[in-house]
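Below is a brief report on one predicted model. Have the sequence and structure open as you read.

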Amino acid sequence: DVQLQASGGGLVQAGGSLRLSCAASGFTVDDHPIGWFRQAPGKEREGISCISARDDGTYYADNMKGRFTVSRDNAKNTMYLQMNKMKPEDTAVYYCATAAGGIRGVGISLYDYWGQGTLVTVSS
């Protein structure tokens, strides 16, 4: 079965950095696109970024550019989201997801499999 397990969340201070991990099983991350999403309290889930399977090309939502970086380690079958200069409005549950086919972008409907998410809280 396809499984995704996000980890690395916690409490960070505004201006700090945090690196989230997403361990994959049941598939290899180099064969599937990986997307990162988040959902803040009282808000809809929004896309952050994705990394393509074939060429490692990346895509970032317009409001996510500049501070977040997505990557993957094929040897560890793990994907990452590096978050820098964090702001209180970054507080949310962060999710990783993948799709069965070749896709690009962070539209929620494009993704087929989702992890449970990890909570990130940014103090002000």
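## Surroundings of Thr118

Thr118 touches Ala6, Ser7, Gly8, Gly9, Leu20, Ala92, Val93 and Tyr94, leaving aside residues up to four places away in sequence. Contact here means heavy atoms within 4.5 Å.

Thr118 belongs to strand β11 (residues 118–123). Strands are DSSP runs of E, at least two residues, numbered from the N terminus. The residue is buried, at 10% relative accessible area. Buried means under 20% relative accessible area, with a 1.4 Å probe and protein chains only.

## The disulfide

How many disulfides does a search of the whole structure find? It finds one. The bond joins Cys22 to Cys96, with an S to S distance of 1.9 Å; the criterion is a pair of cysteine sulfur atoms within 2.5 Å. Cys22 sits in strand β3 (residues 18–25) and Cys96 in strand β9 (residues 92–98), so the pair ties together parts 74 residues apart in sequence.

The S-S torsion of Cys22 and Cys96 is about 65 degrees, so the disulfide is right-handed. Both Cys22 and Cys96 are buried.

## Cys50

Cys50 is in no disulfide. The nearest cysteine sulfur belongs to Cys96 and is 13 Å away. Cys50 is buried, with a relative accessible area of 2%.

## Basis

The model is predicted: local features need pLDDT of at least 70, side-chain atom pairs count only at pLDDT 80 or more, and totals for chains, interfaces and linings use all residues. Residues are numbered from 1 along each chain as its sequence is written, and side-chain values use heavy atoms, with hydrogens and water left out.

How values were computed
Helices (H or I, at least four residues) and strands (E, at least two) are DSSP runs, numbered from the N terminus. Buried means under 20% relative accessible area, exposed over 50%, partly exposed in between (1.4 Å probe, protein chains only).
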